Amino acid sequence: MLIKQLSVFLENKRGRFTEVAKILGQADINLTAFTVAENSDFGILRLIVSDVDKAIEILKEERYAVSVTDVVCLRCPNVPGSLAKVMEIITASEIFVEYMYAFSQGEDANIIIRPDNLERCVEVLKANKLVLLASNDLYKL
Amino acid sequence: MIWNETIECMDRDEMRKLQGIRLKRVVERVYHNTPFYRRKMQEMGVTPDDIVTIDDIVKLPFTVKQDLRDNYPFDLMATPMSEIVRLHASSGTTGKPIVVGYTRKDLSIWSEVVARCLTAVGVTKQDMVQVAYGYGLFTGGLGLHGGVENIGGTVIPMSSGNTQKQIQLMHDFGSKALACTPSYALFLGETIKDSGIPREDFKLKIGVFGAEPWTENMRKEIEESLGIKAYDIYGLTEIIGPGVGGECECQNGTHLWEDHFFPEIVDPVTLQPVEPGQQGELVFTTITKEGMPMIRYRTRDLTSLNYEKCACGRTSVRMSRILGRSDDMLIIRGVNVFPSQVESVILELPEFEPHYLILVDRVNNTDTLQIQVEVRAEFYSDEMTKMINLKKKITSRMQSVIGLQPDVKLVEPRSIERSMGKAKRVIDNRKLV
């Protein structure tokens, strides 16, 4: 139920993300989702990709600083109020969210969450009958 | 092992006598052969007759780098040019380079002092020594080269650069010792790690590093990365090149070969000798050189001298680690900052690579100090808070050591240029205004 997310450290310079996108594209690696956290000097690019191992290998070869983090991805209906329900469950279980991002697709919305306590988060979400995606589901999107 | 026991372990009173005799001779030579020195001595009302013992050295005028530029290229030679068998020159980042000339005897003194440095760190005639200092006008390459040949070791005259080849030959030939700048040693260590060749496949045991100031932390870094013992070799072109002094296996100060290069420490402002053991500017008089002797040459290097006998048995004076070159000192918002202080902070924090760039500028009439550093691979995080905390940690440590708050910029891996020779670690854009 855990998904591997790549994080790439990038300086805030013109063309850095372009470069990463190009390298992954040339290696035939697809991006399912991404987000960028940034401050004035640097950014952390977080990526969900179709082939994690290959992506790490080629990014390292190109001397990028890459790390892998486990995250969870849950699916909920793409309707008003459904995110609030999910968040209430998480908050009530005293799980702290380090960061999260989301993308919607027709009737579904997919939310990627990096909680402080991964195991507990998975447990709670499952107990509340929420749909967690496995890597295979996600990479097929 | 000691190369020249008679000299290196000489009784200190004997040494002072020898230095006195040699000083008198060199002063006579320059007074009669070099108009520059004669003029300066006459201005001070000093003649060679005033020099009797080594204590009389304080009567002599100082020489500074500008004097070498003013007398470019050959006006400071104390022998006819026909006696000069080799020329070297400094890189000279600004204006004219500094040119030095060696007689045949000067070259033999040079290979003698380098032989002492190499022997003091355990290099013998059985050993293969890879010289990765630049060859050419720079004194590093040929200086080490002569010393290795003198002790009968095998020189691999690699010169600097061509890093892949350096590693290949180091591996295939089985180099026991490496001589280069400390920053290049770090880069070689990093490249060996990347190459995937196990460190056990190398025979490297000894590093002889110099030509730029380095810190104790950098020594640890190099020793760990290359699996060797790293030693300082000190020198400057104006005096002879590398080999003015070198560390012994005790790694407790750099032994100066004072039978050839007489050291003094003076207050850089008043130019008066400091109390023994106190810190100040290092000044050398070359008491045996023929081609281009230097009288009381101000090195700009800040250090102190220790006259106690070393555990290795040598009695020769030891110089403590160079705090910095007064030329390298940056004055930022009125605060004196040495690049060596910045380096020591970076090296004591395990989260950062030992490579950095200091950028100084002036924005709206205020000096700015930016320090670029690379985070080590294992310390990158997907969490912004952790990355920002890393930045805060190094910033506050810098502030407490250098006394002002720098703008620390975390940069991507390998984005700071690795140097093959002397590392360029400071860019001061204020000078362009």
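Tutor: Two strands pair if DSSP finds at least two bridges between them, and the elements themselves, helices (H or I, at least four residues) and strands (E, at least two), are DSSP runs numbered from the N terminus. This is a predicted model, in which local features need pLDDT of at least 70 and side-chain atom pairs count only at pLDDT 80 or more, while totals for chains, interfaces and linings use all residues. Residues are numbered from 1 along each chain as its sequence is written, and chains are lettered from A and ligands numbered from 1 in the order in which they are written.

Student: In what order do the nine strands of the open sheet in chain B stand?

Tutor: The order in chain B is β4-β3-β5-β6-β7-β8-β9-β14-β13, with mixed pairing. Because β4 (154-156) and β13 (305-306) of chain B each have a single partner strand, they stand at the edges, and one side of each has no neighbour in the sheet.

Student: How many bridges join β9 of chain B to β14 of chain B?

Tutor: Two bridges join β9 (residues 254-256) and β14 (residues 318-319) of chain B, and these strands run antiparallel. Within β14(B), R318(B) is the bridge partner of H255(B).

Student: Which strands does helix α6 of chain B touch?

Tutor: Contact here means that the C-beta atoms of two residues, placed from the backbone, lie within 7 Å. Helix α6 (residues 139-151) of chain B packs on the sheet and touches β3 (128-131), β4, β5 (177-180) and β8 (241-247) of that chain, its direction making about 60° with that of β8(B); axes are lines fitted to C-alpha atoms, for helices over the stretch in contact, and angles run from 0 to 180 degrees between N-to-C directions.

Student: Into which domains is chain B divided?

Tutor: Domain bounds come from an automatic or database domain assignment, and in chain B they give domain 1 (1-327) and domain 2 (330-432). The C-alpha centres of these two domains of chain B lie 30 Å apart, and their contact takes 17 residues from domain 1 and 14 residues from domain 2. On the domain 1 side of chain B, α8 (182-195) and α9 (216-226) each supply at least two residues, and α8(B) gives the most, with four residues.

Student: What is the arrangement of domains in chain A?

Tutor: Chain A is divided into domain 1 (2-68) and domain 2 (70-140), whose C-alpha centres lie 22 Å apart. Ten residues of domain 1 of chain A are in contact with twelve residues of domain 2 of chain A, and β1 (2-11) and β2 (31-38) of chain A each supply at least two residues of the domain 1 side.
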